[in-house]
Amino acid sequence: MRYAKTHKDETRQKLLTSSRAIAKKGGFKATGVDALMASVGLTGGAFYSHFPSKQALFAELIAQEMDNSSAMLAGDTDSPDNHVAKCLRNYLSSFHALNPEVGCVLPTLGPEIAQAGPEVRSVVEAALKRTQKSWSARTGDADAAWALIAQCVGALVLARAVESDRTRKEILAASRRFLDKALPASATDATIP
């Protein structure tokens, strides 16, 4: 059976998409090549026709995910209604806490990123600097921008670490209230509910 010329690229993209969700839900290191390939209906042996190593898949996955995570953390900077409050409400939400597979990669794979090689960490650093620059422009304070990013990621880690829904909601709401008080009034545009 002959495959279309686009088959390899399409399979590679399906593998990236599937791996992204699997890794953010259960960890990348904990998931074997066979499980990653099974998620797209292929055997583990076919993996190496798409990536030279599992680490190469991780590097590409993180590069793509950091673009998504930066957008989640910084919001849509081109949108006229891009208010800090709206961005924080979306990021620090129960939905985001309960659905790591569709959320920011930093709270889920941060420890694995920290153990990765310099090529992965430099991609993450560049994306974080873009996010910090965006927040710095909106808050007028470079230090506040870094603190805001750290607060958001840390709050999500804690919200995912607890068992009860009530405690999860308390952590997220407290973080939104804290950021509302800590950020300059001109940056928040409205109280963060």
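The model is predicted, so local features need pLDDT of at least 70, side-chain atom pairs count only at pLDDT 80 or more, and totals for chains, interfaces and linings use all residues. Residues are numbered from 1 along each chain as its sequence is written, and side-chain values use heavy atoms, with hydrogens and water left out.

The chain holds ten helices and zero strands. Helices (H or I, at least four residues) and strands (E, at least two) are DSSP runs, numbered from the N terminus. Along the sequence the pattern reads α-α-α-α-α-α-α-α-α-α. Of the 193 residues in the chain, 43% are buried. Buried means under 20% relative accessible area, exposed means over 50%, and partly exposed lies in between (1.4 Å probe, protein chains only). The accessible surface of the chain is about 10,200 Å², and carbon and sulfur atoms account for 57% of that surface. Accessible areas come from the Shrake-Rupley method with a 1.4 Å probe; for residues, only the protein chains shown count as cover. Among contacts between residues at least 6 apart in sequence, 65% join residues at least 24 apart. A contact means heavy atoms within 4.5 Å.

Helix H1 covers residues 7-26 and includes threonine 11. Threonine 11 counts as buried because its relative accessible area is 8%. Apart from neighbours within four places in sequence, threonine 11 is in contact with Leu42 and His50.

Next comes helix H3. The 21 residues of H3 should span 30 Å at 1.5 Å a residue, and its end C-alpha atoms are 30 Å apart, which agrees. The expected span of a helix is 1.5 Å times one less than its number of residues. The buried residues of H3 are Leu57, Phe58, Leu61, Ile62, Glu65, Met66, Ser69, Ser70, Leu73 and Ala74. These buried residues pack against H1, helix H2 (33-38), helix H4 (84-91), helix H6 (105-114), H7 and H8. Just after H3, glycine 75 has a positive phi of about 75 degrees.

How does H3 lie against H7? The axes of H3 (residues 54-74) and H7 (residues 118-139) come within 9 Å and cross at roughly 5 degrees. H3 is therefore roughly parallel to H7. Axes are lines fitted to C-alpha atoms, for helices over the stretch in contact, and angles run from 0 to 180 degrees between N-to-C directions. Angles under 35 degrees count as roughly parallel, over 145 as roughly antiparallel, 65 to 115 as roughly perpendicular, and the rest as oblique. By class, the contact of H3 with H7 has 13 nonpolar, four polar and three charged residues. In these classes Ala, Val, Leu, Ile, Met, Phe, Trp, Tyr, Cys and Pro count as nonpolar, Asp, Glu, Lys and Arg as charged, and the others, Gly among them, as polar. On the H3 side the residues include Phe58, Ile62 and Met66, which take part in meeting a set in H7 that includes Val123, Leu128 and Trp135.

Valine 123 belongs to H7. With a relative accessible area of 31%, valine 123 is partly exposed. Its C-alpha atom is separated by 9.6 Å from that of glutamine 64, 59 residues away along the chain.

Helix H8 (residues 142-161) packs with H9 at an angle of about 170 degrees, their axes 9 Å apart. The two helices, H8 and H9, are therefore roughly antiparallel to each other. Leu148, Gln151, Cys152, Ala155, Leu156, Leu158 and Ala159 of H8 make this contact with Arg168, Ile171, Leu172, Ser175, Phe178 and Leu179 of H9. These residues divide into ten nonpolar, two polar and one charged. Aspartate 143 is also found in H8, and at 62% relative accessibility aspartate 143 counts as exposed.

Helix H9 (residues 165-182) has 18 residues and reaches 26 Å from its first C-alpha to its last, close to the 26 Å expected. Its buried residues are Arg168, Ile171, Leu172, Ala173, Ser175, Arg176, Leu179 and Asp180. Leucine 172 of this helix is buried because its relative accessibility is 1%. Not counting residues up to four places away in sequence, leucine 172 touches Leu92, Ser93, Ser94, Ala97, Ala155, Leu156 and Ala159. Leucine 172 also lies 9.3 Å from tyrosine 91, C-alpha to C-alpha, though the two are 81 residues apart in sequence.
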